[in-house]
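Please read these notes with the model open beside you. They are meant for a first reading.

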Amino acid sequence: MAFTGNFMCTSFKGELLEAVHNFKNSGGNTFKLALYTNSASFTAGTTAYTATNEISGTGYTAAGNTLTRVDPSTSGTTALTDFADSAWTSSTITARGALLYNDSASGDPSCIILDFGADKSSSSGTFTVQFPAADASNAIIRIA
Amino acid sequence: MISMKTGAVPPVVVTTSRNGGLSADQLTELCCNKLIDVSENAPPVIREQAEAFRLRMQHVVHFYISQAMKSERDTCVQTALAGGYKDLSNILRRK
């Protein structure tokens, strides 16, 4: 199996209507970004974090990095939220994609699947994932 | 009926390094990605101005990131010297 693109998980959309996720900077849930090999087979139907096919290596801890939340905001008629860039320093790792999930909610529900397009590697260096500009057209999570 | 639509998930930028941290060039790119976003749908004149502004900002950001890296290196060199690690301070100074 392999990564086949970026997805917003369908279960996540439903959970937004059930108030499962809180993205506020202060008092919000803990969201994590876990990295995976290309053996992972995530789709929009993915519902939760899994350790299967998660990468391992120097500088990487299982379950991934905790993300720094940026307060949700609005731009025009679009609501959006963002996260600060996430970095694994002094790492030697290779990853093809990532899963963004809610570590606070019961069952670690998944939010977004990210396909890096190719294997990305760091070697005794830094591995950084940068989220897109936080605007109405590009923010990582947007509702119009 | 109330209709809402979630936007397509855009690509993220993955930047990596070998045998050390990110370079000033890489950090500048990441910084400018966050600071200045030029819409593909912008009118050509606006787009041209925005891209010229981005280029100018890249030079400014690159300069200060490079300065910050040198400044931090100097601090490390002095900390090593103060701790009695002269050899380490020389390695850091030459790097």
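This is a predicted model: local features need pLDDT of at least 70, side-chain atom pairs count only at pLDDT 80 or more; totals for chains, interfaces and linings use all residues.

1. Residues are numbered from 1 along each chain as its sequence is written, chains are lettered from A and ligands numbered from 1 in the order in which they are written, and side-chain values use heavy atoms, with hydrogens and water left out.

2. Chain A brings 32 residues to the contact and chain B brings 25, where contact means heavy atoms within 4.5 Å. The size of an interface is often given as the accessible area lost when the parts come together. Here the area buried between chain A and chain B is about 2,300 Å², with 53% from carbon and sulfur atoms; buried area is the accessible area (1.4 Å probe) that two parts lose on being put together, summed over both.

3. Across the interface of chain A and chain B there are 18 residue pairs in polar contact, both residues at pLDDT 80 or more. A polar contact is a pair of N or O atoms within 3.5 Å; within protein, one must be able to donate a hydrogen and the other to accept it, and residues adjacent in sequence count only if both atoms are side-chain atoms. On the side of chain A that touches chain B, strand 7 of chain A gives the most, with 14 residues. Strands (E, at least two residues) and helices (H or I, at least four) are DSSP runs, numbered from the N terminus.

4. Over all chains the count is five salt bridges, each a side-chain nitrogen of Lys or Arg within 4 Å of a carboxyl oxygen of Asp or Glu. One of them pairs A:Asp82 with B:Lys34, the closest N and O atoms being 3.4 Å apart. A:Asp82 lies in strand 5 of chain A and B:Lys34 in helix 1 (residues 24-35) of chain B, so the pair joins two chains. Between chain A and chain B the count is one salt bridge.

5. A:Ser11 belongs to helix 1 of chain A. The largest pocket has a volume of about 470 Å³; a pocket is an open set of 1 Å grid points where a 1.4 Å probe fits, with protein on both sides within 12 Å along at least five of seven lines.

Terms used: On a 1 Å grid over the protein atoms alone, a cavity is a set of points where a 1.4 Å probe fits but cannot get out, and a pocket is an open set with protein on both sides within 12 Å along at least five of seven lines; lining residues have an atom within 4 Å of a point. Grid points are joined across faces, edges and corners, and a volume is the space filled by probe spheres set on the points.
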